[in-house]
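I opened the model to go through its pockets, its ring contacts and its strand pairing. The notes follow in the order of the look-ups.

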Amino acid sequence: MEAVIKVNDISHSFGKETVLKDIQLSVGKGEVFGLLGPSGSGKTTLVKIIVGILKPISGNAVVLEKTMPSLKQMKHIGFMAQSDALYSELSGRENLDFFASVYGLSKAERQQRIREVLEVLGLSDDIDKPVDKFSGGMKRRVSLAAALLHKPEILILDEPTVGIDPVLRKSIWEELNALKDEGTTIILTTHVMDEAEKCDQLALLRNGHVIAQGTPHSLKKDINAATIEEAFLHYGGVGQ
C-alpha cells in the first residue's frame, strides 16, 4: 500500500522532558491509523509534528512526499485539535464560514460544504447559536465539521470523540469510514480501547515510545490476547 505519511526517527523534548523517542510510523493511503495511549504518552505532540505545528528536535515527518512543516501541504490536511479552536462570540455557522474562507473556498463552495457537513454531523438545528452557548460535545462536532470543509486528503483528529455521547460517536465513526472508502487517510488519537478496535492499523504509545504496532487483530493474536486493552498492558510490560 502506498505510504502517504512517514514518520522517520522523530524525537522531541520540552525543556528537559523528552516526550517522543525515536518514533517510526508509516501510514498507507485510505487507512484509519490509530495512536492509542494514555494521557502524557506523546500522542498530541506527535500529531502536531505530522501536521506541521511543531518541528521535532530530531527526525522528520513526510506528508504526501513533502517534509513538514510545509505550507503547501497544509491545504491537503484537515486537523481537529484536542481543544476546540472556535471563536466563542460567533455562531457555529459563522465559525464554519470563516474556516472555509481560510481554506480558500468560494462563497458558493462554502455554502454547499457547510450544508453537507452540517447534515452529516447532525448540527443543522443549532448551528446559528453562539458557540459559547454550545455544550462540549456540540463544540467537538463543530470542530470536526471545520476540519472536513475542504475535503482534505488527510484528516488528523486528536481525541475526536471526547465528551460525545455514544449515539453521536457511532455516527462520527460511520462518517470516518465513509471518508476512508473515498480514499481519505485518517490519523486519530484515542485512549478508548473500543475505538482502537475500529482502526485499520494501530500504534501503541507509552512514555513517548511506540511499544507495538500492527492491525488490532494481529496485536491481539500475537500474544493470544482477547482485547486491545490486554494487548496494550502486555506490550507495555504492565503486570509482567
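What volume does the largest pocket have? I read about 390 Å³ for the largest pocket. This is a predicted model, in which local features need pLDDT of at least 70 and side-chain atom pairs count only at pLDDT 80 or more, while totals for chains, interfaces and linings use all residues. Residues are numbered from 1 along each chain as its sequence is written, and side-chain values use heavy atoms, with hydrogens and water left out.

Entry, pocket terms. I took a pocket as an open set of points on a 1 Å grid over the protein atoms alone, where a 1.4 Å probe fits, with protein on both sides within 12 Å along at least five of seven lines; lining residues have an atom within 4 Å of a point. The volume is the space filled by probe spheres set on the points, which are joined across faces, edges and corners.

Entry, largest pocket. I listed 17 lining residues, and those closest to the centre are Phe79, Met80, Ala85, Phe99 and Tyr103. S6, H3 and helix H5 (136-148) each give two or more residues to this lining; helices (H or I, at least four residues) and strands (E, at least two) are DSSP runs, numbered from the N terminus. S6 has the largest share, 4 residues. By type I found 13 nonpolar, 3 polar and 1 charged, with Ala, Val, Leu, Ile, Met, Phe, Trp, Tyr, Cys and Pro as nonpolar, Asp, Glu, Lys and Arg as charged, and the others, Gly among them, as polar.

Entry, second largest pocket. I read about 280 Å³ here. Of its 15 lining residues, Arg113, Lys151, Glu175, Leu179 and Glu182 lie nearest the centre. Helix H4 (107-120) and helix H6 (166-181) are the elements that give two or more residues, and H4 gives the most, with 4. The lining divides into 6 nonpolar, 2 polar and 7 charged residues.

Entry, rings. I searched the whole structure and got 3 aromatic pairs. Rings of Phe, Tyr and Trp (its six-membered ring) pair if their centres lie within 6.5 Å; planes under 30 degrees apart are stacked, over 60 edge-to-face and the rest tilted. Why is the pair of Tyr87 and Phe98 edge-to-face? The planes of these two rings stand at 90°, with the centres 5.4 Å apart, so the pair falls in that class. Tyr87 lies in the loop between strand S6 (77-80) and helix H3 (92-102), and Phe98 in helix H3, so the pair ties together parts 11 residues apart in sequence. Phe98 also pairs edge-to-face with Phe99, 5.4 Å centre to centre and 65° between the planes. These ring pairs link Tyr87, Phe98 and Phe99 into a cluster.

Entry, accessibility. Buried means under 20% relative accessible area, exposed over 50%, partly exposed in between (1.4 Å probe, protein chains only). Tyr87 at 37% is partly exposed, as is Phe98 at 33%, whereas Phe99 at 18% is buried.

Entry, strands. I counted 5 bridges between strand S1 (residues 3-14) and strand S4 (residues 58-63), which run antiparallel; two strands pair if DSSP finds at least two bridges between them. Lys6 has Val62 of S4 as its bridge partner, and Val62 has Thr67 in S5. S4 and S5 form a hairpin with 2 residues between them, and Leu64 in the turn has a positive phi of about 50°.
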